[in-house]
Amino acid sequence: MNRPNILLIMTDEHAPMYSGPYGHPLVQTPFMDQLAAEGATFANAYCNSPLCLPSRMSFMTGRYINQIGAFDNASPLPSDAVTWAHRLRAVGYDVVLSGKQHFCGPDQLHGFRSQLARDLHAELWTKDGVLRGTPDWSKGTPPADKPWGGVAEAGPGTTLEIEVDDLVEEQALAYLRDPARKERPWALNVSFIAPHFPLVVPERFFNLYPLDQIDMPEIPPGHLESQHPVHQRMRAMFGGVDFPEEQVRRARAGYYGLITYLDEKIGRLLAVLEETGQRDNTLIVHFSDHGEMNGEHGMWRKSSMYEASAKVPLQMVYPGEIPAGQHIGEVVSLVDLVATIVDVADAPSAGPLDGDSLLGLLQGQDANWKDEAFSEYLAHGVKRPTAMLRCGRYKLHYSLGDSPQLYDVEADPNEFDDLANHPAHAATLAVLQKRLLSEWDPVAIEAQVRQSQQDRLLIEQATQQDRLLIEQAMQRSPNQ
């Protein structure tokens, strides 16, 4: 395989079940449907941590977050961490970023030659050079003092996030149209904020989804009251109350509108590849950093190991190399995507990767695929390490200090029937727990996370104290 161009279309907070290729009857995604027709769609792809920064740093490095210290949204990736961007540049690729990659801290490139647009979320989490939002597990998971505001604010309109995504698209299209693209292979990571909250979208997209047609979350009677404690604690801390039905419909309509808004951007990227004669020599990958609970299980946002939070869309198109119209059911994760990018580019393999290339699976040559995915969560909303291991049809939720959860996600895709206490599934539970804990030490990881949190909180406190003293001095001497 010659080194192809690589177009990575990364979205934020898109649960795959809310799109046409994954079977949703309402959400309009014609260009995602086109990708499904022209390439491969993975039915069971997972992120390696259901939160923006950890998931993205895992994606950049191809490593699990406990290996790189990217625990939460205020954990900077060390500048000497090798990323796939470094690997591709080492073999001659022009590697650039347009949009969000959530690099907190001073290094905003991590191997990319250039940022073409703007990373709004990196700006929001880093102010005056100081990281904001470090969790503090020593305080536990205190309930929110008010309901999460993202549901009530949903509706038609525009936001700074929309403006930034429009800029991201504009700069990406200009890059693709530049004649210099013909001079050497390129890798463009176009990363949109949509459909991440705020659940506000231009009116024409919101109006595609009349409120009386919006499907409501499926929550069986008594489910929330009997939910596992790890989910109850997170729901309370995130302000997940019993929102009025009209607000839930508006929030889901806003989410669906953002997905269609995003889908149009995918369409324009594909059109420019065609227009510039680059389509046949470009590997196109569409994926997201994590999902969105969207009201399911009484939860919003992400951070849990439920399917709507941990599962992601993953589609790959490369004419002549990836057979069209494939629907791949094997379990994979985003570290496998990183290994695939490195494989396709024939890039240096120096340094470890935690994933395996998907090329054999895509080309029907890997009959012994591992069929598993691992994800971990070490940030706000929990008080101790949590993890997920999906092996074949079964999925283990593990929370240190709590009872385990086991689901057959083929028979029970909404994860309502916890099999952990069923005698018939005791052997399966034991096998999955042994597999998880053989390579993941939650006690040691907890010590690392707590120390990291306290170190960063101390730095934040020290910097804030300096700023306070400066402000007080300026107030005493207003004319100086």
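**Aromatic cluster**

I began with the rings. F59, W84, F103, F112 and F287 are joined into a cluster by ring pairs. This is a predicted model, so I am reading computed geometry throughout.

I counted aromatic pairs in the whole structure and got 16. I then looked up two of them.

Y18 with Y255: the ring centres sit 5.8 Å apart and the planes make 80 degrees, so I logged the pair as edge-to-face. The cut-off for that label is over 60 degrees. Y18 is in the loop between β1 (5-11) and α1 (30-38), while Y255 belongs to helix α11, so this pair ties together parts 237 residues apart in sequence. Are these two residues buried or exposed? I found both Y18 and Y255 buried.

F59 with F287: here the centres are 5.0 Å apart and the planes stand at 50 degrees, so the pair is tilted. I placed F59 in helix α2 (residues 52-61) and F287 in strand β10 (residues 282-288), so the pair connects parts that are 228 residues apart in sequence. F59 and F287 are both buried. Both also belong to the cluster I started from.

**Helix α7 against helix α11**

Next I turned to α11, the helix that carries Y255. The axes of α7 (residues 160-177) and α11 (residues 245-275) come within 9 Å and cross at roughly 10 degrees.

Which residues make the contact? On α7 I listed I162, D165, D166, E169, A172, L173, L176 and R177. On α11 I listed L258, Y261, K265, R268, L269, V272, L273 and E275. I sorted the contact residues into nine nonpolar and seven charged, with no polar ones.

**Four-stranded sheet**

Last, I traced an open sheet. Its four strands run in the order β14-β15-β16-β17, and the pairing is antiparallel. β14 (372-377) and β17 (405-408) are the edge strands; each has a single partner, so one side of each lacks a neighbour in the sheet. I noted an average twist of 15 degrees from one strand to the next.

β15 (residues 386-391) and β16 (residues 394-399) pair antiparallel over six bridges. A387 stands opposite Y398 of β16.

What packs on this sheet? I found helix α10 (residues 229-237) touching β14, β15, β16 and β17, with its direction at about 65 degrees to that of β16. Helix α15 (residues 426-439) also lies across β14, β15, β16 and β17, and runs at about 60 degrees to β16.

Terms used
Residues are numbered from 1 along each chain as its sequence is written. This is a predicted model: local features need pLDDT of at least 70, side-chain atom pairs count only at pLDDT 80 or more; totals for chains, interfaces and linings use all residues. Side-chain values use heavy atoms; hydrogens and water are left out. Two strands pair if DSSP finds at least two bridges between them. Helices (H or I, at least four residues) and strands (E, at least two) are DSSP runs, numbered from the N terminus. Axes are lines fitted to C-alpha atoms, for helices over the stretch in contact, and angles run from 0 to 180 degrees between N-to-C directions. Contact means heavy atoms within 4.5 Å. Ala, Val, Leu, Ile, Met, Phe, Trp, Tyr, Cys and Pro count as nonpolar, Asp, Glu, Lys and Arg as charged, and the others, Gly among them, as polar. Rings of Phe, Tyr and Trp (its six-membered ring) pair if their centres lie within 6.5 Å; planes under 30 degrees apart count as stacked, over 60 as edge-to-face and the rest as tilted. Buried means under 20% relative accessible area, exposed over 50%, partly exposed in between (1.4 Å probe, protein chains only).
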